[in-house]
Amino acid sequence: MSLVELRNESAGYSGTPVLSGLTLTVNAGERIALVGESGSGKSTLLRLLYERCGPDVSLVPQELGLVQALTVFHNVYMGRLHCRSVWHNLRNLVWPARPDVADVNEIVASLRLEDKLFAGVGTLSGGQQQRTAIGRALYHPGDILLADEPVSSVDEHQARDILQAINDRKQTVILAMHDRALAIEFADRLIGLRDGRVVLDQASAGMSPEDLDELYVTADA
Amino acid sequence: MIARREPSPLLRTTGVFFLVGLVCLAFADIAISTVDPWLEFGRLLSGIITPDFYATDSLWLALAYTMAFAILGVALGNLFGFGLALVFDSRFARMFCAVIRSVHELFWALIFLQMFGLSPVTGVLAIAIPYAGIIAKVYAEILEEADPAPLKALPPGTGRASAFLFVRLPDAWAHFKSYSMYRLECGLRSSAVLGFIGLPTLGFHLETAFREGQYSEVSALLILFYIVIASMRVWMKRPLLPVYLIGAALILPWGVAFSLSHIGRFLTSDIVPHPLREGGPDMMTKFADWMSAMVFEQALPGAVSTIQLTMIALIATGLLTLIFFPLISPLLLGRGPRWAGHIFLVVVRSTPEYILAFVLLQLWGPSMLPAIVALALHNAGIIGHLVGRYTEQVTLRQDSSTGANRYFYEVLPRVYRPMLALLFYRWEVILRETAILGMLGIATLGFYIDSAFADLRFDRAMVLIALTALLNICVDVISRYVRGKLRLQTSLEMK
């Protein structure tokens, strides 16, 4: 079943196109990695896909979008703000309800952050903040998760745990990644971008990181 | 295992202040005593929508006087303030500035009124002196925060004066300029209010028009005042400054004479406590009686209700800010409604508390309510504007929540810290204003000070003004302590 279909589309920021002539189909249940140099259009493509995915999608933007003044609990809980009444949300803001704390704690524990549940996000390290933002997306009830470089600030060992947690909890996953080996390991389809165009789109099975080299060769090299 | 939750110190402090405010409110008189407040309000409204710019010939002159007092007062305050900022390292200068800025413009005006009568000297000095104290403090902070790197790069042996002129001053100049503009806006408000004690500015005509129920004239006066303030950045250009200064000096009616012997008597005799002035063998016991009567009949009740009103107004300001800042925040409202929000906030923050309280007092009768509402509206207008502008720099993630969820989870937590910083910063300002509102008949210190001046008991007035100043300095110290403890930055307050 196709989730999103892009046909010869363009996208960009304030008039300047970053992506052009884009044709792409994403099916439910796929685990896709977007690879390519920085500036190749991965973030723009994610933005476009997010807009087309409907209400069942959660997003981990590159800049994370966390509220520094709130705790890890509150930031993760924000993944379900739209499912609850404003009064319930207000109550949780001031005095978190036990069942919600238990739910959120389960997600947070799967990201190895449980001892920081009620720590202010502003006091966390970059890697911990990144895991909080992923927690928020995982807590979102939708089946689809889009993430822009979700494991850029954690070590490789943690990265595997986090990617596994994402794959366990979400059906359709689209990640922009710069680590080619991890991309091949955790995605079953790779989409390679170069200068705003799709130059590679194939199953990851049997690929090696070297196969992706041509994506990263600059024109004047 | 679920981690333990510690309440945030920010919320705990908020809670303590909130409780104190509630206790103060429980003992406050906030009744509406007029028979039909809505009838008068209706008449006021119909007057407001039918402004009459030709009601009196003196309207334009009053506007010119208001601007002249503000321009001369702020210019002089800037000059003194800059000088004092240069010697702010000295403890004496810092104390001196703290004292002169802790006395409100209107109290200074009441003092100078006894010395210079209705001469323009009274109005200009009443603005210049407290402003010099505030400006000195702010300029000293600006100079202190200037980038130290260029200073280190100077060749050794560079003189202090050259280093100051070539390195520190150019850096700070832009800040000085923008702060002076803000001060001029405050100066215009102060100048307008000086009319209430008899100087020929807008306040004088406003009071008269109000007492006579000429609401169309009130409306015209206020609209002109808003236009002058809102267009300040258009008419106040640096090349034109000499023109304005000379014009202001020429237009004011300097002809009012004052006698030096009169001033001398005021300073050496009138303000000396009356038992000490009379002398005699039992001077000290009489003085003790005089002092204890002062303390128990005036100073103490005045101070208690001043603090009470201040705390209620502080909490009310905080609550109202929560409603006001979204009115101009692009995160929460569209362009159209935001436009209306901007106009509303300009009006509430441009109207001096004193005028707001005066209007509400006519509508509701004497109680603390008009003062609370006036202080909250004006101060929430100022803080709401700054916080709203602050949210313009916040970018939300693409998938952020909407509506009330966005307000409570995305926006409020992000602005809470700067908002609290501004609120604590304005605490001292609110106290100064609370004391002043006593002159309208609410039993704060200003009420006793005003009565003392009316009875020509200048010795009493001086003791009470000194007490007001002391309260102000105390609140300033507590506020600085709380802000330091909660690490509340106040850089926002400059803009």
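Two residues are in contact if their C-beta atoms, placed from the backbone, lie within 7 Å. The structure I present today is a predicted model.

I begin with the place where chain A meets chain B. The contact takes 22 residues from chain A and 21 residues from chain B. On the side of chain A that touches chain B, at least two residues each come from α1 (42-52), β4 (57-60), α3 (86-94) and α4 (98-110) of chain A. Of these, α3(A) gives the largest share, four residues. Sorted by class, this side of chain A holds 14 nonpolar, five polar and three charged residues.

Let us now look at β4(A). Which way do its residues point? V57(A) and L59(A) point one way, S58(A) and V60(A) point the other way, and all are buried. The neighbour of β4(A) in pairing is strand β5 (residues 144-148) of chain A; the two run in the parallel sense over four bridges. In β5(A), A147(A) is the bridge partner of V60(A).

I turn next to chain B as a whole. Chain B contains 21 helices and zero strands. Its C-alpha atoms fill a box of roughly 80 × 75 × 55 Å along the principal axes. The radius of gyration of chain B is 24 Å, which agrees with a compact globule, because a globule of 495 residues would have a value near 23 Å. Of the 495 residues in chain B, 42% are buried. Finally, among contacts in chain B with a separation of 6 or more, 76% join residues 24 or more positions apart.

Thank you for your attention.

Conventions:
Residues are numbered from 1 along each chain as its sequence is written. Chains are lettered from A and ligands numbered from 1 in the order in which they are written. This is a predicted model: local features need pLDDT of at least 70, side-chain atom pairs count only at pLDDT 80 or more; totals for chains, interfaces and linings use all residues. The radius of gyration is taken over C-alpha atoms; the globule rule is 2.2 Å times the number of residues to the power 0.38. A residue is buried if 20 or more other C-beta atoms lie within 10 Å of its own, exposed if 12 or fewer, and partly exposed in between; C-beta atoms are placed from the backbone. Ala, Val, Leu, Ile, Met, Phe, Trp, Tyr, Cys and Pro count as nonpolar, Asp, Glu, Lys and Arg as charged, and the others, Gly among them, as polar. Two strands pair if DSSP finds at least two bridges between them.
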